[in-house]
Amino acid sequence: MASPPPEPPAEEPAPPRRRRPRLTLPGCWGALLLACLSFTPSLLPRGGVLQGLICGISAAIGYGLGVVAAYVWRAFADREARTPSRRSWQVLLVCAVPLFGLAFGLGQYWQHGIRTLMGVTDYNVATAVACPFIAAAVFLLLLLAGRGIRAVYHAAARLLGRWIGARAARVVGWMLVAGLAWAAFSGLLLGGVVNAANEAFSVRDTETPEGAHQPVSVLRSGGPGSLVPWDSLGRQGRAFTGMGPTAREIGAFTGRTAQEPIRAYAGLATADTAESRAARAVADLERAGGFRRENLLVITTTGSGWVDPAAVDSFEYLADGDAASVAMQYSYLPSWLSYLVDQSKAREAGRELFDAVYDTWSKLPQDQRPRLFVAGESLGSFGGETAFSGEYDLRNRTAGTVFAGPPNFNTLFREFSDQRDPGSPEIEPVYREGRTVRFSEDPATGITPVDRPWEGTRVLYLLHPSDPIVWWSPRLALSEPDWIREKPGADVLGGMFWIPFVTFWQVTADLPFSTGVPDGHGHTYKAAYVDAWNSTMRPEGFTAQDLDRLKEIVSPSE
């Protein structure tokens with residue numbers, strides 16, 4: 001009997017084909033739409049790298065919205081997803097090239113207009129050309145990150161499906177993945193960035209800025225007899241007490257005999273708590289004779305302890321040097337990062353410092369008390385506001401206040417702006433006919449309402465229409481604010497309009513560059529302090545020409 005023929009060797013299974021990442025047609029249309037809209041103007045000039053970043057983020061958001069919209073449409077139509085035809089992709093490609101090119105060209109035109117409004121001359125052709133490539137890279141990275149999260153979700157849902165029902169597994173899976181993603185972002189990514197920044201800025205805090213020298217006067221913290229050691233002041237504290245106009249410089253400007261201004265400061269290394277730092281700063285202020293001066297200024301610093309020299313210098317010049325100033329540090333981090341992690345510290349510092357000063361001031365005989373003023377810029381205005389409950393409190397406990405560039409989340413600023421008189425715009429609101437609190441972009445051109453009396457204590461907010469610190473809010477993502485709906489300010493392009501999600505990311509991207517524009521725009525407040533303090537302090541003996549000369553001193557023209 002013949003043996004059966006040998007069986008042919010079994011063929012090895014072919015290796016599984018790697019699936020290429022596929023794009024959905026609705027998602028691509030959404031990405032194209034929001035990518036084109038991202039070139040619309042916002043508050044500040046944008047370079048090619050920044051525009052590429054905004055464009056990529058907007059495209060990723062648009063892609064997600066397109067996918068979600070298609071999913072909802074299919075749910076209502078009760079049908080499964082269909083594979084797009086080749087012709088559909090060709091139509092997308094034919095439309096994408098001219099639309100993106102047109103948006104890119106208009107974007108360059110709008111950016112030129114913004115630069116012209118602000119007197120900015122810098123323009124980098126290379127980064128402008130690189131913009132689309134940067135946008136594509138950012139878009140792909142975000143797309144891959146999103147798909148990675150989706151893969152984790154599917155794995156979690158399959159695992160949970162062994163013990164619970166399919167629908168419940170999907171819901172719990174999404175909740176689990178969302179929680180893990182947020183924990184990774186806030187705990188690992190954000191926490192790592194904050195820790196690294198805190199380490200870097202704490203090292204920088206040990207440095208002394210160029211031009212700052214340890215005082216030889218008993219009238220400054222860190223000088224002879226001071227209760228605050230020079231080494232404990234921090235970088236910004238050493239700049240505050242180791243610089244500033246002298247009595248000779250003030251006298252040369254005014255043509256009159258001037259006094260040497262007093263400056264007191266406490267750094268993070270001065271004491272362990274905000275209360276003890278405030279007590280030390282006030283004790284040093286009292287030692288130097290600050291409560292015997294005609295004018296006393298309480299300043300809440302920004303996150304890093306910085307005090308704008310223009311704010312305090314102009315105050316001292318207009319006071320003929322008969323002035324004392326006190327401030328203290330509460331963080332190593334810059335303002336925008338301090339708000340994320342040190343918001344409570346800003347509140348505490350503003351309240352503790354003013355209360356400590358006010359406690360000593362209020363115990364003096366009324367005829368021996370200095371005029372008490374308050375100031376703060378950016379996050380400093382946020383902290384400075386916390387010492388007061390409202391308009392009446394500011395009026396009753398101070399002789400005047402100047403807050404510059406208040407963040408949109410400031411409690412009192414939002415109260416005064418939201419409750420403004422009917423008909424007044426958000427960029428320059430009028431609160432209760434301007435009887436105490438007023439707002440101005442440029443006090444030199446007038447402080448509205450010019451036809452109403454402004455008696456007693458004067459509270460003045462400086463805010464530029466182009467300052468993203470003032471106008472940024474999470475609500476920008478889904479709600480059009482009044483400042484965009486209304487007539488734009490003098491340094492905001494008339495072509496700016498609100499787009500859901502896109503405008504939020506545009507203004508968010510403006511934040512880190514808010515001080516990189518000339519004085520009088522963005523978050524740069526220098527010369528305006530001269531007119532602000534002149535309006536608030538109401539000093540005698542200064543002409544309009546004197547104020548112009550002082551502006552050149554505190555904010556020299558380049």
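Helices (H or I, at least four residues) and strands (E, at least two) are DSSP runs, numbered from the N terminus. This tour applies these terms to a predicted model, in which local features need pLDDT of at least 70 and side-chain atom pairs count only at pLDDT 80 or more, while totals for chains, interfaces and linings use all residues. Residues are numbered from 1 along each chain as its sequence is written, and side-chain values use heavy atoms, with hydrogens and water left out.

**The whole protein**

Begin with the complete chain in a cartoon view. The protein contains 19 helices and 7 strands, and its C-alpha trace spans about 130 × 50 × 45 Å along the principal axes. Of the 558 residues, 49% are buried; buried means under 20% relative accessible area, exposed means over 50%, and partly exposed lies in between (1.4 Å probe, protein chains only). Among contacts (heavy atoms within 4.5 Å) with a separation of 6 or more, 73% join residues 24 or more positions apart.

Next, display the surface. The protein exposes about 28,000 Å², and carbon and sulfur atoms supply 60% of that area; accessible areas come from the Shrake-Rupley method with a 1.4 Å probe, and for residues only the protein chains shown count as cover.

**The second largest pocket**

Select P45, R46, G47, G48 and D122, which lie nearest the centre of the second largest pocket among its 28 lining residues. A pocket is an open set of points on a 1 Å grid over the protein atoms alone, where a 1.4 Å probe fits, with protein on both sides within 12 Å along at least five of seven lines; lining residues have an atom within 4 Å of a point. The volume of this second largest pocket is about 590 Å³, a volume being the space filled by probe spheres set on the points, with grid points joined across faces, edges and corners.

Now colour α2 (48–77), α3 (86–118) and α4 (125–160), each of which supplies at least two residues of the lining. The largest share, 5 residues, comes from α2.

**Two buried arginines**

Select R293, in the loop between α8 (274–287) and β2 (295–300). R293 counts as buried because its relative accessibility is 11%.

Move on to R414, in helix α14 (residues 411–418). R414 also has a relative accessibility of 11% and therefore counts as buried. With residues up to four places away in sequence set aside, R414 touches N408, F409, E426 and R475.

Select T448 and P449 with the backbone atoms shown. The peptide bond from T448 to P449 is cis, with omega near -5°, and P449 lies in the loop between β6 (437–440) and β7 (458–462).

Continue to F501, in the loop between α16 (482–485) and α17 (502–510). Phi of F501 is near 70°, a positive value in a residue other than glycine. F501 counts as partly exposed because its relative accessible area is 28%.

Finish at R538, in the loop between α18 (528–537) and α19 (544–554). Here phi is near 55°, a positive value in a residue other than glycine. At 37% relative accessibility, R538 is therefore partly exposed.
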